[in-house]
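Here's a quick briefing to read with the model open beside you.

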Amino acid sequence: MAVWTTMTKGTPMTIRATSDRLAPRSAPFFANHPAVPVVETGVTRAHGRRTLAVLRLATGFIFLWAFLDKTFGLGFSTPAARAWVAGGTPSQGFLLGDGVVGPLKGFFTAVASPASDILFQLAMLGVGAAVMLGIGLRVSAVVGSVLMVAMYLAEWPFGANAASTNPLVDYHIIYTLVLVALAVLSAGDTWGAGVRWKQLPAVKRLPWLV
(Lines give C-alpha, C1' and ligand atoms only; values in the text may rest on other atoms or scores of the structure.)
Protein backbone atom coordinates (compact mmCIF):
# COMPACT_ATOMS: atom_id res chain seq x y z
CA MET A 1 0.00 0.00 0.00
CA ALA A 2 1.30 3.45 -0.92
CA VAL A 3 0.87 6.26 1.63
CA TRP A 4 1.31 9.99 1.06
CA THR A 5 0.95 12.91 3.43
CA THR A 6 -0.02 16.33 2.15
CA MET A 7 -1.26 19.62 3.59
CA THR A 8 -4.75 21.03 3.15
CA LYS A 9 -5.15 24.56 4.54
CA GLY A 10 -2.42 23.88 7.08
CA THR A 11 -3.89 20.56 8.26
CA PRO A 12 -1.96 17.33 7.59
CA MET A 13 -3.95 14.78 5.61
CA THR A 14 -2.92 11.20 4.90
CA ILE A 15 -3.81 9.60 1.60
CA ARG A 16 -3.70 5.83 1.21
CA ALA A 17 -3.96 3.84 -1.97
CA THR A 18 -3.69 0.14 -2.69
CA SER A 19 -1.49 0.76 -5.73
CA ASP A 20 0.78 3.46 -7.10
CA ARG A 21 -1.33 3.33 -10.26
CA LEU A 22 -4.14 5.05 -8.34
CA ALA A 23 -2.14 8.27 -8.56
CA PRO A 24 -2.48 9.09 -12.29
CA ARG A 25 -0.43 11.83 -13.84
CA SER A 26 -3.53 13.58 -15.17
CA ALA A 27 -5.54 13.71 -11.91
CA PRO A 28 -6.06 17.40 -10.96
CA PHE A 29 -5.67 16.75 -7.22
CA PHE A 30 -2.22 15.23 -7.70
CA ALA A 31 -1.07 17.61 -10.43
CA ASN A 32 2.51 18.81 -9.85
CA HIS A 33 2.48 17.40 -6.30
CA PRO A 34 6.09 16.50 -5.40
CA ALA A 35 5.09 13.82 -2.87
CA VAL A 36 3.25 11.64 -5.39
CA PRO A 37 5.36 9.09 -7.30
CA VAL A 38 4.73 8.90 -11.04
CA VAL A 39 4.62 5.35 -12.39
CA GLU A 40 4.79 4.98 -16.16
CA THR A 41 3.71 1.62 -17.49
CA GLY A 42 2.93 0.07 -20.84
CA VAL A 43 0.43 -2.76 -21.23
CA THR A 44 -0.19 -4.07 -17.70
CA ARG A 45 -2.70 -6.88 -18.26
CA ALA A 46 -1.14 -10.31 -18.77
CA HIS A 47 -3.34 -11.14 -21.77
CA GLY A 48 -2.45 -7.82 -23.36
CA ARG A 49 1.28 -8.42 -22.87
CA ARG A 50 1.05 -11.87 -24.41
CA THR A 51 -0.97 -10.60 -27.35
CA LEU A 52 1.61 -7.89 -27.88
CA ALA A 53 4.37 -10.53 -27.74
CA VAL A 54 2.64 -12.58 -30.43
CA LEU A 55 2.35 -9.45 -32.59
CA ARG A 56 6.06 -8.80 -32.06
CA LEU A 57 7.08 -12.33 -33.03
CA ALA A 58 4.85 -12.28 -36.11
CA THR A 59 6.13 -8.89 -37.24
CA GLY A 60 9.76 -9.85 -36.70
CA PHE A 61 9.24 -13.05 -38.68
CA ILE A 62 7.90 -11.08 -41.64
CA PHE A 63 11.20 -9.21 -41.91
CA LEU A 64 13.33 -12.27 -41.16
CA TRP A 65 11.47 -14.39 -43.69
CA ALA A 66 11.93 -11.75 -46.38
CA PHE A 67 15.68 -11.85 -45.71
CA LEU A 68 15.81 -15.65 -45.89
CA ASP A 69 13.67 -15.86 -49.03
CA LYS A 70 15.71 -13.27 -50.90
CA THR A 71 19.02 -14.69 -49.71
CA PHE A 72 18.42 -18.35 -50.49
CA GLY A 73 15.64 -18.15 -53.07
CA LEU A 74 13.12 -20.28 -51.19
CA GLY A 75 10.70 -20.00 -54.09
CA PHE A 76 8.00 -17.83 -52.54
CA SER A 77 8.68 -14.28 -53.71
CA THR A 78 12.20 -15.10 -54.92
CA PRO A 79 13.00 -18.11 -57.14
CA ALA A 80 16.23 -20.01 -56.52
CA ALA A 81 17.79 -18.61 -59.71
CA ARG A 82 17.46 -15.05 -58.34
CA ALA A 83 18.68 -15.81 -54.81
CA TRP A 84 21.26 -13.44 -53.35
CA VAL A 85 23.69 -16.30 -52.83
CA ALA A 86 23.29 -17.16 -56.53
CA GLY A 87 24.17 -13.65 -57.67
CA GLY A 88 20.72 -12.11 -57.40
CA THR A 89 20.14 -8.45 -56.58
CA PRO A 90 17.48 -8.12 -53.84
CA SER A 91 17.12 -4.35 -53.83
CA GLN A 92 18.12 -3.61 -57.41
CA GLY A 93 15.54 -6.03 -58.69
CA PHE A 94 12.89 -3.89 -57.03
CA LEU A 95 14.37 -0.43 -57.53
CA LEU A 96 14.99 -0.96 -61.24
CA GLY A 97 11.74 -2.78 -61.86
CA ASP A 98 8.33 -1.64 -63.03
CA GLY A 99 7.04 -1.50 -59.47
CA VAL A 100 8.83 1.79 -58.83
CA VAL A 101 6.80 4.66 -60.25
CA GLY A 102 6.01 8.29 -59.57
CA PRO A 103 8.12 11.44 -59.26
CA LEU A 104 10.79 9.76 -57.11
CA LYS A 105 11.57 7.02 -59.62
CA GLY A 106 14.77 8.78 -60.74
CA PHE A 107 16.06 8.96 -57.18
CA PHE A 108 15.42 5.29 -56.44
CA THR A 109 16.96 4.27 -59.75
CA ALA A 110 20.08 6.24 -58.89
CA VAL A 111 20.57 4.59 -55.48
CA ALA A 112 20.21 1.06 -56.86
CA SER A 113 23.59 -0.65 -56.54
CA PRO A 114 25.33 -3.62 -54.90
CA ALA A 115 25.67 -1.43 -51.82
CA SER A 116 21.89 -0.98 -51.65
CA ASP A 117 21.53 -4.77 -51.83
CA ILE A 118 23.79 -5.19 -48.80
CA LEU A 119 22.11 -2.42 -46.81
CA PHE A 120 18.64 -3.73 -47.64
CA GLN A 121 19.49 -7.29 -46.62
CA LEU A 122 21.21 -6.18 -43.42
CA ALA A 123 18.19 -4.06 -42.51
CA MET A 124 15.78 -6.94 -43.07
CA LEU A 125 17.96 -9.34 -41.07
CA GLY A 126 18.68 -6.89 -38.27
CA VAL A 127 15.09 -5.73 -37.83
CA GLY A 128 13.71 -9.25 -38.06
CA ALA A 129 16.14 -10.80 -35.59
CA ALA A 130 16.00 -7.90 -33.11
CA VAL A 131 12.21 -7.72 -33.07
CA MET A 132 11.83 -11.46 -32.62
CA LEU A 133 14.37 -11.42 -29.77
CA GLY A 134 12.74 -8.36 -28.24
CA ILE A 135 15.93 -6.30 -28.12
CA GLY A 136 16.88 -2.97 -29.64
CA LEU A 137 13.26 -2.21 -30.48
CA ARG A 138 13.86 1.55 -30.71
CA VAL A 139 16.59 1.12 -33.31
CA SER A 140 14.51 -1.49 -35.10
CA ALA A 141 11.56 0.89 -35.20
CA VAL A 142 13.67 3.62 -36.79
CA VAL A 143 15.43 1.39 -39.33
CA GLY A 144 12.30 -0.55 -40.19
CA SER A 145 10.21 2.60 -40.51
CA VAL A 146 12.72 4.26 -42.84
CA LEU A 147 12.77 1.12 -44.98
CA MET A 148 8.98 0.80 -45.10
CA VAL A 149 8.37 4.47 -45.86
CA ALA A 150 11.00 4.36 -48.62
CA MET A 151 9.29 1.37 -50.23
CA TYR A 152 5.94 3.10 -49.81
CA LEU A 153 7.18 6.20 -51.64
CA ALA A 154 8.93 4.11 -54.29
CA GLU A 155 5.64 2.48 -55.23
CA TRP A 156 3.92 5.91 -55.12
CA PRO A 157 0.35 4.82 -54.33
CA PHE A 158 -1.17 8.27 -54.94
CA GLY A 159 -1.75 8.02 -58.68
CA ALA A 160 -4.28 6.18 -60.81
CA ASN A 161 -3.78 2.43 -61.36
CA ALA A 162 -1.33 2.25 -58.48
CA ALA A 163 -0.29 -1.13 -57.09
CA SER A 164 -1.69 -0.22 -53.67
CA THR A 165 -5.43 -0.41 -53.04
CA ASN A 166 -5.26 2.46 -50.54
CA PRO A 167 -3.39 5.68 -51.36
CA LEU A 168 -2.82 6.66 -47.73
CA VAL A 169 -2.63 3.59 -45.50
CA ASP A 170 -1.23 0.39 -46.96
CA TYR A 171 0.76 -2.46 -45.43
CA HIS A 172 3.99 -0.41 -45.40
CA ILE A 173 2.37 2.16 -43.13
CA ILE A 174 0.83 -0.54 -40.92
CA TYR A 175 4.21 -2.24 -40.46
CA THR A 176 5.71 1.13 -39.56
CA LEU A 177 3.05 1.82 -36.94
CA VAL A 178 3.41 -1.69 -35.49
CA LEU A 179 7.19 -1.30 -35.13
CA VAL A 180 6.72 2.02 -33.33
CA ALA A 181 4.06 0.55 -31.04
CA LEU A 182 6.28 -2.42 -30.15
CA ALA A 183 9.09 -0.09 -29.16
CA VAL A 184 6.91 2.33 -27.20
CA LEU A 185 5.15 -0.45 -25.27
CA SER A 186 8.35 -2.40 -24.47
CA ALA A 187 6.99 -5.47 -26.20
CA GLY A 188 10.28 -7.32 -25.83
CA ASP A 189 9.81 -7.72 -22.07
CA THR A 190 7.31 -10.57 -22.56
CA TRP A 191 8.50 -13.76 -24.25
CA GLY A 192 11.66 -11.94 -25.25
CA ALA A 193 15.07 -10.85 -23.98
CA GLY A 194 14.04 -7.24 -23.44
CA VAL A 195 14.46 -7.19 -19.65
CA ARG A 196 17.95 -8.70 -19.70
CA TRP A 197 18.91 -6.50 -22.64
CA LYS A 198 18.03 -3.36 -20.69
CA GLN A 199 20.25 -4.49 -17.83
CA LEU A 200 23.40 -4.56 -19.97
CA PRO A 201 25.89 -1.79 -19.04
CA ALA A 202 26.13 -0.54 -22.63
CA VAL A 203 22.35 -0.24 -22.92
CA LYS A 204 22.13 1.61 -19.60
CA ARG A 205 24.72 4.09 -20.85
CA LEU A 206 23.02 4.47 -24.23
CA PRO A 207 19.23 4.35 -23.68
CA TRP A 208 18.51 4.61 -27.41
CA LEU A 209 19.72 1.01 -27.69
CA VAL A 210 16.67 -0.13 -25.74
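Lys198 and Asp189 join their side chains in a salt bridge, at 2.9 Å from N to O. Bear in mind that this is a predicted model. The structure holds 1 salt bridge.

**The charged pair**
- Side chains of opposite charge can pair when their charged atoms come close.
- Lys198 has a relative accessibility of 26%, so this residue counts as partly exposed.
- Asp189 counts as partly exposed too, because its relative accessibility is 28%.

**Helix H6**
- H6 covers residues 171-184, and its 14 residues should span 20 Å at 1.5 Å a residue.
- Which residues of H6 are buried? They are His172, Ile173, Thr176, Val178, Leu179, Leu182 and Ala183.
- An α-helix has 3.6 residues a turn, so residues three or four places apart point the same way.
- The buried residues of H6 pack against H1, helix H4 (114-133) and helix H5 (137-155).
- Just after H6 comes Ser186, with a positive phi of about 50 degrees.

- Is Phe72 buried, partly exposed or exposed? Its relative accessibility is 46%, so Phe72 counts as partly exposed.

Terms used: Residues are numbered from 1 along each chain as its sequence is written. This is a predicted model: local features need pLDDT of at least 70, side-chain atom pairs count only at pLDDT 80 or more; totals for chains, interfaces and linings use all residues. Side-chain values use heavy atoms; hydrogens and water are left out. Buried means under 20% relative accessible area, exposed over 50%, partly exposed in between (1.4 Å probe, protein chains only). Helices (H or I, at least four residues) and strands (E, at least two) are DSSP runs, numbered from the N terminus. The expected span of a helix is 1.5 Å times one less than its number of residues. Contact means heavy atoms within 4.5 Å. A salt bridge is a side-chain nitrogen of Lys or Arg within 4 Å of a carboxyl oxygen of Asp or Glu.
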